[in-house]
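Subject: Structure handover

Hello,

Please find the structure below. My notes on what was found in it follow.

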Amino acid sequence: MTRVLVLYYSSYGHVRALAEAEAEGARSVPGTHVDLRRVPETVPEAIRRKAGFIADETPVASPADLEAYDAILFGTPTLFGMMAGQMKSFLDQAGGLWARNALVGKVAAVFASTGSQHGGHEATLLSTQIPLLHFGMLIAGMPYSFAGQTTAEEIVGGAPYGAGTIAGADGARAPTETDLAGARFQGAHVARIAARLAAADEAYEAA
Ligand SMILES: Cc1cc2nc3c(=O)[nH]c(=O)nc-3n(C[C@H](O)[C@H](O)[C@H](O)COP(=O)(O)O)c2cc1C
């Protein structure tokens, strides 16, 4: 089995919806085991309640969990033009894995939700990839073979850098069917790449 982790942070549910679609896409690839996890919340409960954050029952991951996977999809909202602090804090606790080269050669991909179309969507996708490259991970995007990303008939999230959605200034826009299709596509894309790499490793070890 190829092991894929979909790991996300979400305050209002948009990234969680994308994460579920990523997991569905990855599960559609035969021989893939998929786990859906979130990173721990860092915002105090009183502020969470006041700001109307969703209650999220998805199990929380710890940085040590990352080592067990062949591929990891990272999902985050855009906060001030970049990944959420919750996700950055999680990655900053993975120094031990970095020191042991424990994530080198694993597949990584990023997906994001952003309030406005030009409020940092692509910047978030790209800049979130930076620490993953420091870990030595191999970055997969959302290739143009997912043709939905090229439409100009509707507002779509995502880019060649990763799947995504545009939540609207007040967060009222739910991910569209095109956005969810992009996330499913990316999940399957990553699972297939991970399976190919695992098969190549097995062949190498057997030789
Ligand atoms: C503190 C804060 C900062 C934000 N910064 C941006 C921003 O820089 N650009 C933008 O377009 N949207 C911004 N947003 C809107 C979020 O991107 C939006 O709420 C998010 O995509 C929703 O994802 P979620 O439902 O998974 O939390 C911000 C929201 C918050 C709460």
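UniProt positions are given here in the numbering used for this chain, with feature names shortened, and such annotations may be inferred rather than shown by experiment. With that in mind, the UniProt annotation "binding site", from an unreviewed entry, covers Y12.

Two points on the source. This is a predicted model, in which local features need pLDDT of at least 70 and side-chain atom pairs count only at pLDDT 80 or more, while totals for chains, interfaces and linings use all residues. Residues are numbered from 1 along each chain as its sequence is written, and side-chain values use heavy atoms, with hydrogens and water left out.

The overall picture:

The chain has six helices and seven strands (DSSP runs numbered from the N terminus: H or I of at least four residues for helices, E of at least two for strands). Read from the N terminus, their order is β-α-β-α-β-β-α-α-β-α-β-β-α. The chain is as compact as a globular protein of 207 residues, because its radius of gyration is 16 Å, close to the 17 Å of the globule rule (C-alpha atoms only; the rule is 2.2 Å times the number of residues to the power 0.38). Along the principal axes, the C-alpha atoms fill a box of roughly 55 × 40 × 25 Å.

Of the 207 residues, 49% are buried (under 20% relative accessible area; exposed is over 50% and partly exposed is in between, with a 1.4 Å probe and protein chains only). Among contacts (heavy atoms within 4.5 Å) with a separation of 6 or more, 74% join residues 24 or more positions apart.

Individual residues:

Y12, the annotated residue, sits in the loop between β1 (2-8) and α1 (14-27). Y12 is partly exposed, as its relative accessible area is 46%. Beyond its neighbours within four places in sequence, Y12 is in contact with A51, G52, F53 and I54.

S28 lies in the loop between α1 and β2 (32-38). With a relative accessible area of 51%, S28 counts as exposed. From S28 to G162 the C-alpha distance is 19 Å, across 134 residues of sequence.

Regards
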